[in-house]
Amino acid sequence: CGNCGATDVKLMNCTRCRSDKYCSKECQRAAWPKHKQVCKIISRVNKETASGGPQGLFRALEKLNQGGQKIVSLQMTSAGMVSSTDTVVPPGLPSGFFLIREAMSEYNRRTEEKRMFGEASYKALLDSIYTDEVEWARFFSHPANQEHTGEVIIILHALVQVYEGRNSTEEWGHALDVLDNVMDHMDGVLRMSRAGEEYFRAQENFHRSANASRLDLNDKTGNHADSPRLLKALCRHELEHGGQKDVHWMMADQMINVVLKNEKALGFTDISSNILEIPDEIILEGYKFTEKIKRDAGLDTMRKAQSMTDNFMNSILPPEMRMKREEEKNNLKLLHCSNCAKQESACGEFKCCTRCKEVVYCGRACQKAHWKAHKKSCGKK
């Protein structure tokens, strides 16, 4: 029901637009103040489209625009149609449903130069999904919400990239856990709805990206309990979709050859062609062995070990790519107010001086208070 959210009763369509359903006349009347704007648009569009096809649709939109009617977007959900102007979450949807809309708006407006990555709105959505897990699980499992679930995956994937770029391992791992959970629901919906091949392909690419990110996280933290599974999944993806042995296959090959001194004794005559058949325990021993090498070499922290890896990667990258990589890392750092030293809670929260763009402030008051000291160097570079 578009008003009370009931699902276990007989529902009747709105006779004008036939988009929303109600369980009774009383519920239809109660929902009318909110529904009438959407109802007018849908009924006009349905009428014009039925007689004129796509051209009729454009005529309907033009007439609505000329009549002063604000054009809104409409999205199908398990609770009926929701418009972009709605401010009250319909019954049956998670209380944080509109956070998807806000996060997607930020995602579409993101600009690296201004450090606008939408992190604050992404994190608000992440927190809502984590806090109201049961409510969101019900939402993600409904086929009618497939489009919105896909948008959530895009947002969480972008947030994972922010945390990964900043090397915030705790937040990075938490975002990956929530992303994996949402993708598991999406897998079930795609199988149930018999979606097209392009949907499965997109979902597989997100799985691959999440697995690669978690493998990097494991390398940062030294926790390799599930690294063999991730490495095999990445190798399998490369063979099935790329048709060739790529970077992760080479990683696995090196890992196994490091730890196995006598391949024939273990029954593997050609390691590189049998990685997917090698027991996880053998690959895990390879990870443990490399961790031991790092410790024995005096690399007392994973950060130092990663620094060596970064230096090696930078040495083989072209100069322009090295520069771009450093810029991306710097843009993701949380900055401090130049006056009170308060740190940002999300990337891009503080605004920079519009003249020199070299310093940031948490608000107008701090910018004014710091001007006397800052004006000597502002704009001189």
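The model is predicted, so local features need pLDDT of at least 70 and side-chain atom pairs count only at pLDDT 80 or more, while totals for chains, interfaces and linings use all residues. Residues are numbered from 1 along each chain as its sequence is written, and side-chain values use heavy atoms, with hydrogens and water left out.

The protein chain holds 13 helices and six strands. These elements are DSSP runs numbered from the N terminus (helices: H or I, at least four residues; strands: E, at least two). The chain has 381 residues, of which 38% count as buried (under 20% relative accessible area, 1.4 Å probe, protein chains only). Contacts (heavy atoms within 4.5 Å) were also sorted by sequence separation. Among those between residues at least 6 apart, 50% join residues at least 24 apart.

Helix 3 (residues 119-131) packs against helix 6 (residues 169-193) at an angle of about 60°. Their axes lie 11 Å apart. Axes are lines fitted to C-alpha atoms, for helices over the stretch in contact, and angles run from 0 to 180 degrees between N-to-C directions. The crossing of the two helices is left-handed (the near helix is turned anticlockwise from the far one by less than a right angle). Helix 3 contributes Leu 126, Ile 129 and Tyr 130 to the contact. Helix 6 contributes His 174, Ala 175 and Val 178. By class, this contact has five nonpolar residues, one polar and no charged. Ala, Val, Leu, Ile, Met, Phe, Trp, Tyr, Cys and Pro count as nonpolar, Asp, Glu, Lys and Arg as charged, and the others, Gly among them, as polar.

Two cavities of 30 Å³ or more were found in a search of the whole structure. A cavity is a set of points, on a 1 Å grid over the protein atoms alone, where a 1.4 Å probe fits but cannot get out; lining residues have an atom within 4 Å of a point. Grid points are joined across faces, edges and corners, and a volume is the space filled by probe spheres set on the points.

The largest cavity holds about 50 Å³. Its lining consists of Asp 20, Lys 34, His 35, Val 38, Met 81 and Asp 86. Helix 1 (residues 25-66) supplies the largest share, three residues.

Helix 4 (133-140) and helix 6 each give two or more residues. Helix 4 gives the most, with four. Here the lining has four nonpolar, two polar and one charged residues.

Key:
1 Å grid on protein atoms, 1.4 Å probe; cavity = no way out; pocket = protein on both sides within 12 Å on 5 of 7 lines; lining within 4 Å. Buried < 20%, exposed > 50% of the residue type's maximum accessible area, 1.4 Å probe, protein only.
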